[in-house]
Amino acid sequence: SPEMSTRPEPTVLAVANQKGGVAKTTSVASIGAALAERGQRVLLVDLDPQACLTFSLGIDPEDLELSVHHVLTKGTAPGEVILETEDGVDLLPATIELARAEADLLTRTGREHVLRGVVEDLEDHGYDWILLDCPPSLGVLTVAALTAARGVLVPLQCETLSHRGVGQLLDTVHDVRRFTNRDLEVWGVLPTLYDGRTNHSRTVLDTISDTYDLAVIEPPIPKTIKFAEAPAAGRSILRTSRSSKGAQAYREVAGNLIDRAGR
Ligand code: ADP
Ligand code: MG
């Protein structure tokens with residue numbers, strides 16, 4: 001019977017780009033909420049010491065005694081730290097203490113695998129998706145995320161032609177494939193802060209996609225003021241502005257990810 005079948009393991013995606021302000025955190029929160037709307041069980045992991053994801057889900061990091069930092073460096077069970085949020089997703093929150101994890105892990109053998117171990121420990125929690133919100137660097141935490149992930153999404157702001165960082169990120173992905181996670185797949189670039197009124201954005205996007213031979217995850221997420229309002233409300237744009245174009249775009253992206261994962 002279907003009840004007897006074992007659950008497939010969660011699809012783990014890292015959302016990474018060492019550039020700040022490209023909508024990594026917004027994408028994690030919004031895609032997570034969109035997946036949850038579709039009945040998927042979702043865990044979001046905040047890997048940025050700035051804790052923007054945690055804050056944007058209505059949780060004040062200063063109120064927390066335990067965070068992902070304890071899970072990564074002190075062996076605390078993730079189940080003791082995970083919180084439920086009003087957005088319908090679970091969260092493994094961050095606090096500023098995570099800034100120390102980078103240094104603490106630097107001297108540890110196997111540090112690249114530390115998050116992979118946590119994800120494996122979570123297998124019987126029944127998540128369909130685990131989304132990893134990476135910090136704006138290519139340091140220990142991002143490498144640990146890429147090592148734990150099945151795929152990586154690269155949010156990219158299509159406003160400028162300064163996308164040299166993409167090459168650096170892909171170099172890191174290649175290193176991760178060689179040394180710690182040979183199965184890592186680049187699922188593609190996710191165009192964010194997209195201004196569809198000009199041809200410029202599409203040109204930039206096509207150039208990047210051609211230059212680096214990257215798939216584009218459709219549709220592009222339009223630039224809209226609605227996103228600025230969501231974090232302060234402690235809810236994602238899918239809840240604060242249900243039918244906005246941005247929310248709809250993230251729903252379509254989530255649908256495409258579900259198709260790709262075969263869930
Ligand atoms: P990152 O995690 O890559 O640093 P954030 O998700 O924190 O980026 O987004 C950076 C800023 O851009 C935030 O103020 C966020 O509200 C805003 N933002 C994100 N997506 C959009 C969008 N589609 N339109 C307008 N503003 C956006
Ligand atoms: Mg962020």
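This note goes through the fold, the sheet, the core and the ligand shell of the structure above.

1. Basis. The model is predicted; local features need pLDDT of at least 70, side-chain atom pairs count only at pLDDT 80 or more, and totals for chains, interfaces and linings use all residues. Residues are numbered from 1 along each chain as its sequence is written, while chains are lettered from A and ligands numbered from 1 in the order in which they are written.

2. Overall shape. The C-alpha trace spans about 50 × 45 × 40 Å along its principal axes. Buried residues make up 49% of the 263. A residue is buried if 20 or more other C-beta atoms lie within 10 Å of its own, exposed if 12 or fewer, and partly exposed in between, with C-beta atoms placed from the backbone.

3. Secondary structure and contacts. The chain has 11 helices and seven strands. These are DSSP runs numbered from the N terminus: helices are H or I with at least four residues, strands E with at least two. Two residues are in contact if their C-beta atoms, placed from the backbone, lie within 7 Å. Among contacts between residues at least 6 apart in sequence, 79% join residues at least 24 apart.

4. The sheet. Seven strands form an open sheet with mixed pairing, in the order β3-β4-β2-β5-β1-β6-β7. The edge strands, β3 (83-84) and β7 (185-192), each pair on one side only. Two strands pair if DSSP finds at least two bridges between them. β1 and β6 run parallel, joined by three bridges. Leu-13 stands opposite Gly-151 in β6.

5. Strand β2. Five of the five residues of β2 (42-46) are buried. Val-42, Leu-44 and Asp-46 point one way; Leu-43 and Val-45 point the other way. In a regular strand the side chains alternate between the two faces of the sheet. β2 pairs in the parallel sense with β5 (129-133) over five bridges, where Val-45 has Leu-132 as its bridge partner. With β4 (90-92) the parallel pairing runs over three bridges, and Leu-43 partners Asp-90.

6. The core. A nonpolar core is a set of buried Ala, Val, Leu, Ile, Met, Phe, Trp, Tyr and Cys residues joined through C-beta atoms within 7 Å. The largest has 81 residues; Leu-13, Ala-14, Leu-131, Leu-132, Ala-145 and Val-152 have the most contacts inside it. Beyond its neighbours within four places in sequence, Ala-14 contacts Leu-132, Cys-134, Ala-145, Leu-146, Ala-149 and Val-152.

7. Helix α6. Nine of the nine residues of α6 (140-148) are buried, so the helix is largely enclosed by the rest of the structure. Its buried residues pack against β1 (11-15), α4 (98-106), α5 (114-121), β5, β6 (151-157) and α7 (164-179).

8. Ligand 1. Of the 18 residues around ligand 1, Ala-23, Lys-24, Thr-25, Thr-26 and Phe-227 come nearest. A residue is near a molecule or strand if its C-beta atom, placed from the backbone, lies within 6 Å of it. Helices α1 (24-37) and α9 (226-233) are the elements giving two or more residues to this shell.

9. Lys-24. Lys-24 lies in helix α1. Lys-24 counts as buried because it has 29 C-beta neighbours inside 10 Å. Not counting residues up to four places away in sequence, Lys-24 touches Val-15, Asn-17, Asp-133, Cys-134 and Pro-155. The C-alpha atoms of Lys-24 and Thr-192 are separated by 9.0 Å, though 168 residues apart along the chain.
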